[in-house]
Amino acid sequence: MDYIEEIKCIARNSGGYVRTSQIEELGISRPMIKRYKESGLLEQVSRGIYSVTNEILDEYVVLQKHCNKAIFSYGTALYLWGMSDRTPHIFDITVPQGTHTSHLKKVNEDLRFHYVKSDFYEIGITQTISPQGGNVFLYDKERCICDLVRNKDKIEMQLYSQAIKEYFKGKSNQRKLLKYSKIFNVEDKVRVYMEVLM
């Protein structure tokens with residue numbers, strides 16, 4: 001029996017990638033996976049991760065497949081939320097302090113890492129659909145705004161201004177924004193923006 005169509009289906013639902021464990025759940029043995037690879041039907045992306053040859057890959061999904069702690073943040077999250085019109089050429093990724101990231105840099109050199117204390121890491125994690133249709137993790141809009149305000153001196157002014165304006169122009173969650181701003185110690189600055197832009 002030829003399982004390649006089933007593998008393609010799994011890959012399409014996972015941003016173009018399939019794990020060895022997912023293939024094995026179909027009843028395919030490792031020697032058969034090796035044959036698919038040798039025949040050119042599967043391409044090994046990294047250890048335990050394959051793509052189906054000639055299928056379109058989702059670069060956002062592959063980054064998170066390589067590191068399940070990688071959360072899109074800053075400019076990349078702003079782009080995914082439609083709060084920036086700049087397509088990211090460098091992906092902003094936040095991980096907990098102490099996370100080993102050298103393996104990710106081997107996969108993609110265009111990464112900018114932001115390290116945070118584990119207490120702050122999970123605040124605002126949510127999901128959205130990438131431009132290629134894959135499911136990815138990123139920080140919610142309110143967390144993005146707090147990160148921008150906290151690190152204003154490290155953010156390009158045009159990106160900063162556009163994101164702030166887009167957030168307050170759209171449907172904003174003031175209660176959540178104030179809650180986060182207290183946690184990140186930027187409440188006074190956020191309140192100023194709320195008074196001016198709302």
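The model is predicted, so local features are taken only at pLDDT of at least 70 and side-chain atom pairs only at pLDDT 80 or more, while totals for chains, interfaces and linings use all residues. Residues are numbered from 1 along each chain as its sequence is written, and side-chain values use heavy atoms, with hydrogens and water left out.

**Overall make-up**

The secondary structure of the protein comes to 11 helices and 8 strands, where helices (H or I, at least four residues) and strands (E, at least two) are DSSP runs numbered from the N terminus. Along its principal axes, the C-alpha trace spans about 65 × 35 × 25 Å. Of the 198 residues, 45% count as buried; here buried means under 20% relative accessible area, exposed means over 50%, and partly exposed lies in between, as computed with a 1.4 Å probe on protein chains only. Contact means heavy atoms within 4.5 Å, and among contacts between residues at least 6 apart in sequence, 53% join residues at least 24 apart.

**Helices H9 and H11**

Helix H9 (residues 157-169) packs with helix H11 (residues 187-197) at an angle of about 65°, and their axes are 10 Å apart. These axes are lines fitted to C-alpha atoms, for helices over the stretch in contact, and angles run from 0 to 180 degrees between N-to-C directions. H9 passes H11 in a right-handed crossing, a crossing being right-handed if the near helix is turned clockwise from the far one by less than a right angle, and left-handed if anticlockwise. On the H9 side the contact is made by Tyr 160, Ile 164 and Phe 168, and on the H11 side by Tyr 193, Met 194 and Leu 197. By class, this contact has 6 nonpolar, no polar and no charged residues, with Ala, Val, Leu, Ile, Met, Phe, Trp, Tyr, Cys and Pro counted as nonpolar, Asp, Glu, Lys and Arg as charged, and the others, Gly among them, as polar.

**Salt bridges**

A salt bridge is a side-chain nitrogen of Lys or Arg within 4 Å of a carboxyl oxygen of Asp or Glu, and by this rule the count comes to 10. The table gives three of these pairs.

| Glu 142 | Lys 176 | 3.9 Å |

Glu 142 is buried, at 7% relative accessible area, whereas Lys 176 is partly exposed at 28%. Salt bridges that share partners join Asp 140, Glu 142 and Lys 176 into one network.

Asp 147 and Arg 150 both lie in helix H8, 3 residues apart, which is about one turn of the helix. Asp 147 is buried with a relative accessible area of 2%, while Arg 150 counts as partly exposed at 31%. In helix H11, Glu 187 and Arg 191 are 4 residues apart and are separated by about one helical turn; Arg 191 is partly exposed, with a relative accessible area of 35%.

**Cysteines**

A disulfide is a covalent bond between the sulfur atoms of two cysteines. With a disulfide taken as a pair of cysteine sulfur atoms within 2.5 Å, a search of the whole structure finds 0 disulfides. For Cys 67, the closest cysteine sulfur is that of Cys 144, at 18 Å, which is too far for a bond. The sulfur of Cys 144 is in turn 9.6 Å from its closest cysteine sulfur, in Cys 146, and this distance is also too far for a bond. Cys 67 counts as buried at 6% relative accessibility, and Cys 144 is buried at 3%.

**Two single residues**

Asn 54 has its place in the loop between strand E3 (49-52) and helix H4 (59-66), and is exposed, with a relative accessible area of 76%. The C-alpha atoms of Asn 54 and Met 157, which are 103 residues apart along the chain, are separated by 40 Å.

Thr 76, by contrast, is buried at a relative accessible area of 0%, and has its place in helix H5 (residues 74-80). Leaving aside its neighbours within four places in sequence, Thr 76 is in contact with Tyr 60, Pro 88, Ile 90, Phe 91 and Asp 92.
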